[in-house]
Amino acid sequence: MTTLRGILSDDGSAASPYGALVDDVVVGPALASAAETWEARNPEPMARFLETWGDALPLSAFQRLLEQVVVPKLSAAVESWEPRWEPVPCHVWVQRCIPLLGRRRLEPLYVTVQRKLGKALLGWHAARALADYGMVLPWKEAFGPEAWEEFVGRHVVPYLRQGLRALHVTPPKQDDGGFAGVMRWASVVPAQDMAQLLEEEFFGKWQDALYRWLWAAKPTAGEAVAWHEGWKRLLTPEVDRKSVV
């Protein structure tokens with residue numbers, strides 16, 4: 001069946017008869033409406049529009065919508081995003097746009113996300129470690145391996161170092177949640193780096209606490225073994241193989 005697109009000899013450009021028609025009837029009004037009403041934190045209306053019209057729009061019209069509306073509004077929303085306070089996480093509305101924009105267009109936006117997440121990770125609080133982990137983890141795949149590795153080394157490792165330095169080891173008490181909060185991040189930090197971090201910031205204070213306890217309180221062998229095993233269970237298998245606990 002002959003389509004309007006075929007009749008008007010579309011070549012994918014805005015200068016073709018079909019492209020001009022779509023630009024006047026669809027893209028122009030859509031741009032005007034979206035510029036006023038579309039909110040990047042609610043990506044569904046624009047996503048549905050582009051997914052519905054994607055095959056019918058000339059490539060130039062599709063690109064115009066992305067470049068003049070979607071990318072600027074998304075970038076502005078990310079710039080104003082407050083990682084710790086917004087009820088809807090940023091990754092929910094940014095990642096909805098990945099299939100439409102592609103990773104290349106999103107790379108500058110990811111730089112802003114990394115900066116904001118890094119700033120949010122400047123202070124360690126054990127009670128917040130789980131929420132911080134949930135805030136950061138969804139970006140692992142979005143950033144890509146190289147950018148993720150750089151982000152972890154620059155921001156996550158120093159954040160965990162703060163957590164380990166704030167940790168108090170007081171036998172016969174077990175972990176009060178601080179160490180478990182650090183170890184939750186073992187899924188995003190390479191095992192070798194995590195083991196080195198523990199070696200530098202944890203194992204020394206753990207051993208000192210054990211020696212003082214054995215000397216001062218003289219626990220039974222069973223009590224000492226149980227305390228040791230309780231801590232050891234908090235290590236991941238990968239880190240455990242590299243540890244001295």
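1. Rings of Phe, Tyr and Trp (its six-membered ring) pair if their centres lie within 6.5 Å; planes under 30 degrees apart count as stacked, over 60 as edge-to-face and the rest as tilted. Phe179, Phe202, Phe203, Trp206, Trp213, Trp227 and Trp231 form one aromatic cluster, and the structure holds 16 aromatic pairs.

2. A word on the basis: this is a predicted model, where local features need pLDDT of at least 70 and side-chain atom pairs count only at pLDDT 80 or more, while totals for chains, interfaces and linings use all residues. Residues are numbered from 1 along each chain as its sequence is written, and side-chain values use heavy atoms, leaving out hydrogens and water.

3. Which geometry do the rings of Trp227 and Trp231 adopt? Their centres are 6.0 Å apart and their planes at 65°, so the pair is edge-to-face. Both residues belong to helix H13 (residues 221-232), 4 residues apart, about one turn of the helix; helices here are DSSP runs (H or I, at least four residues), numbered from the N terminus.

4. Trp227 is buried at 2% relative accessible area, and Trp231 is buried at 3%. Buried means under 20% relative accessible area (1.4 Å probe, protein chains only).

5. Lys218 places its charged end over the ring of Trp215, 5.5 Å from the ring centre. The criterion is NZ of Lys or CZ of Arg within 6 Å of the ring centre and within 35 degrees of the ring normal.

6. Thr112, in helix H6 (residues 98-120), is buried at 15% relative accessibility. Leaving aside residues up to four places away in sequence, Thr112 touches Val78 and Glu79, with contact meaning heavy atoms within 4.5 Å.

How values were computed: Helices (H or I, at least four residues) and strands (E, at least two) are DSSP runs, numbered from the N terminus. Buried means under 20% relative accessible area, exposed over 50%, partly exposed in between (1.4 Å probe, protein chains only).
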